[in-house]
Amino acid sequence: MTGIIDYEAGNIRSVENALKRLGADYVLSRDTAVLSACDRLLLPGVGEAGWAMAKLRENNLVDFIRNTDKPLLGICLGMQLLCSRSEEGDVECLGIFRNKVRHFSHVFPAGIGLKVPQIGWNDITSLKSGLFDGVKEGSYVYFVHSYCADIGEDTASVTEYGIPFSSSLCRGNFMGCQFHPEKSGDTGERIIGNFLGLTD
Amino acid sequence: MLTKRIIPCLDIKDGKTVKGINFLGLKSVGDPVDMARAYSGQGADELVFLDISATIEGRKAFSELVGRIALNINIPFTVGGGISTVEDAAILLRAGADKVSVNSAAVRNPGLISDIASRFGSQCVVVAIDAKNVDGVWKVTTHGGSRFSDKELFSWAGQAETLGAGEILFTSMDHDGTCSGYACNEYRRLSGMLGIPVIASGGAGTVGHIAEVLSSDGGCADAALAASVFHYGEILIPDLKRRLASCGIPVRL
């Protein structure tokens, strides 16, 4: 059973649809008793980091997430919330990954002229996680974001948009994808399947 | 590297696919969910569904269709057509659409853009602009190109960005349905002045036209949208992408 952490933060429907397509059992909940009984957890998220952290706090989910020993995958904003700090709302995050989250415009080299948000398909390289079993180096996945996590020891894949950034992170039982695996075609489906333990 | 997107557009009436030629006359071309799956399988990067139903029943069928599309495809999709309130947008986003496009209602009430953006985020607001060149001035039209507004393309696109649009989808009414190429100069100008992605629509007839509008020497657009050339199989997406790649245009293969 997969628990989708439901803290009122966007894209839950698309994550649910992805699990339905894969035939996976899941439950939507913000109740830590229900979530504790799950085999693994998904932390989705679309929205603003400061607001989302406030929602996690309001629902008493901060310590629960920090202390869980279940495999946990954060998606998009969900991954950023697992980092140490975000410039968006200038907020301290969950601190699982040591990375900091900054706005693209603050990390781009001067005069690069790239559009923000990054919207579209970009490639992932230096793949370093079980999430990517059976996924080729340089595969394309779908991104929509204005903030990015820097590169560090927890970096599990690298993507370049003006600068190289962490398109996924991994530490112990915690994983995060900046991209949307649920919108990333067959590659994304493979990544979710790997997380769910459905692949060979 | 971030790739250029290829976006087939499907017009939907009463929950079924149609394609309007030059916004006139409709010809049914297939079931929307089947077509969406087929395009996704061919390598389309994103899909757009425009509801052109005129009735309440038709619009209800559309939101049900959006739920079925969301369940059945694993690439992003935008829905539009007749969205005039935040609640209209909310229904479609809750049904599983990734983005909504607003057009006529935003021209009438620009605050709609900021209202949707502040509730759901800029990333899900596409502002669609239909414009026609009248004596050298690109006049914005509404209601499928049938009425002129008092807005001008470039200033309206800039205003839309300021209000929180996540992307601009410009259709040249002079090029749409002609199969003679996109309005490349206008896309180049839009792309230079805006900090958000620009989607080109209207005029695709050949692979060369799509290459031209996406190329950094041409229209500099971030994505190319087309309908007929894809629906009638005149351009096949795998061939298109291979040929774009051979021209040095980054695409997802």
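Predicted model: local features only at pLDDT ≥ 70, side-chain atom pairs only at ≥ 80, totals over all residues.
Residues are numbered from 1 along each chain as its sequence is written, with chains lettered from A and ligands numbered from 1 in the order in which they are written.

**Strand β6 of chain B**
- Strand β6(B) spans residues 99–102 and is covered on both faces. Strands here are DSSP E runs of at least two residues, and helices are H or I runs of at least four, numbered from the N terminus.
- B:Lys99 and B:Ser101 are buried on one side, B:Val100 and B:Val102 on the other. Buried means 20 or more other C-beta atoms within 10 Å of the residue's own, with C-beta atoms placed from the backbone.

**Its neighbours**
- β5(B), residues 77–80, pairs with β6(B) in parallel over 3 bridges; pairing takes at least two DSSP bridges. B:Val79 sits opposite B:Val100.
- β7(B), residues 125–134, also runs parallel to β6(B), joined by 3 bridges. B:Val127 in β7(B) is the bridge partner of B:Val102.

**Contact with chain A**
- 22 residues of chain B contact 27 residues of chain A (C-beta atoms, placed from the backbone, within 7 Å).

**Confidence**
- Chain B averages a pLDDT of 92, and 95% of its residues score at least 70. pLDDT is the predictor's per-residue confidence, from 0 to 100.
- Residues 20–26 of chain B stay under 50.
- The complex has an ipTM of 0.91 and a pTM of 0.94.

Key:
Contact = placed C-beta atoms within 7 Å. Buried ≥ 20, exposed ≤ 12 C-beta atoms within 10 Å, placed from the backbone.
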